[in-house]
Amino acid sequence: MTSPLELAELTNESAIAEFFRESEGKWHSERRYYTLPDGETKQVESAIAVRFLEAGCDELLVLAQMHDLNSDKILICGTEVTWESINSVSGKKESSGSTLFGALGNILYRDRGFATSKPITAEYHFPNQKTLCLRTEYNGSVFEEELKFIGEKYRTRQSVISRAGEQVMIGQYLEKRIEG
C-alpha cells in the first residue's frame, strides 16, 4: 500500500516531469530586479534554452554524484538550462552559463545556485499543474521562486530573495517561447 507521503511524491514527480517537458525549447526573457529597501532596479534580457533530461542520462548521473546520492536513488528527470544575458539599458553582457536540475521526490537537485557555484537543493511543490514553486536555502539566504505557464507561449517568474528574515531583492520575469 502506498503511503500519503509516497503518493504526494509520485504526484510531484509526475508534475515536475510534465513541467520540464513543457519548458523545453528556446525562450526570450525580460527581467526586472528590484533591490530592497531602496528600490534600485535593473533590467535584463536573456536568451534561454531548456533541454529535457531523461532518467539515467549522463548529465543526471553526474548531478547525482555531485550530491552523493546512492546509486539506487535515480533522478527521475531533469533539465539543462543555458542562458546569455545583457543589461537592457546599457547593452552590456550580464552573464552566460548553464545549470542542471534533477528531480527526486519533492527535491530538485541543482549543480549550482543563483549565488553559488556549489551544488544545492530546493524543495518544490505545485499549487496547480501550471505553477511550480521552489524554496532554496543556502549561505544565510532564502530564495522563493514561482514559475507559471500562461498558455503555451508565455510563462512568468517571480523570485524573492531574503536574508536574516528580510527581503533584499525581488525579480520579476516575462518569458516568451521563441522555439520548441
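**View 1. The ten-stranded barrel.** In this predicted model, ten strands form a closed barrel in the order β1-β2-β3-β4-β5-β6-β7-β8-β9-β10. The pairing is antiparallel. On average, and ignoring direction, neighbouring strands of the sheet are turned by 25° against each other. Strands of a sheet pair through backbone hydrogen bonds, either parallel or antiparallel.

**View 2. Strands β2 and β3.** Strand β2 covers residues 40-54 and strand β3 residues 77-87. The two strands run antiparallel and are joined by eleven bridges. Phe-52 stands opposite Thr-79, a residue of β3.

**View 3. Helix α2 on the strands.** Residues 58-66 make up helix α2. The helix lies across four strands, namely β2, β3, β4 (93-104) and β5 (107-110). Its direction is at about 85° to β4.

**View 4. The salt bridge between Lys-42 and Glu-94.** Lys-42 and Glu-94 form a salt bridge in which the closest N and O atoms are 3.0 Å apart. The pair links distant parts of the chain, with Lys-42 in strand β2 and Glu-94 in strand β4, 52 residues apart. A search of the whole structure finds ten salt bridges.

**View 5. The largest pocket.** The largest pocket holds about 970 Å³ of space. Its lining consists of 40 residues, and Arg-31, Tyr-33, Phe-114, Arg-157 and Tyr-173 lie nearest the centre. Strand β2 supplies the largest share of this lining, with seven residues. Sorted by class, the lining residues of the largest pocket are 19 nonpolar, twelve polar and nine charged.

Notes: Residues are numbered from 1 along each chain as its sequence is written. This is a predicted model: local features need pLDDT of at least 70, side-chain atom pairs count only at pLDDT 80 or more; totals for chains, interfaces and linings use all residues. Side-chain values use heavy atoms; hydrogens and water are left out. Two strands pair if DSSP finds at least two bridges between them. Axes are lines fitted to C-alpha atoms, for helices over the stretch in contact, and angles run from 0 to 180 degrees between N-to-C directions. Contact means heavy atoms within 4.5 Å. On a 1 Å grid over the protein atoms alone, a cavity is a set of points where a 1.4 Å probe fits but cannot get out, and a pocket is an open set with protein on both sides within 12 Å along at least five of seven lines; lining residues have an atom within 4 Å of a point. Grid points are joined across faces, edges and corners, and a volume is the space filled by probe spheres set on the points. Ala, Val, Leu, Ile, Met, Phe, Trp, Tyr, Cys and Pro count as nonpolar, Asp, Glu, Lys and Arg as charged, and the others, Gly among them, as polar. A salt bridge is a side-chain nitrogen of Lys or Arg within 4 Å of a carboxyl oxygen of Asp or Glu.
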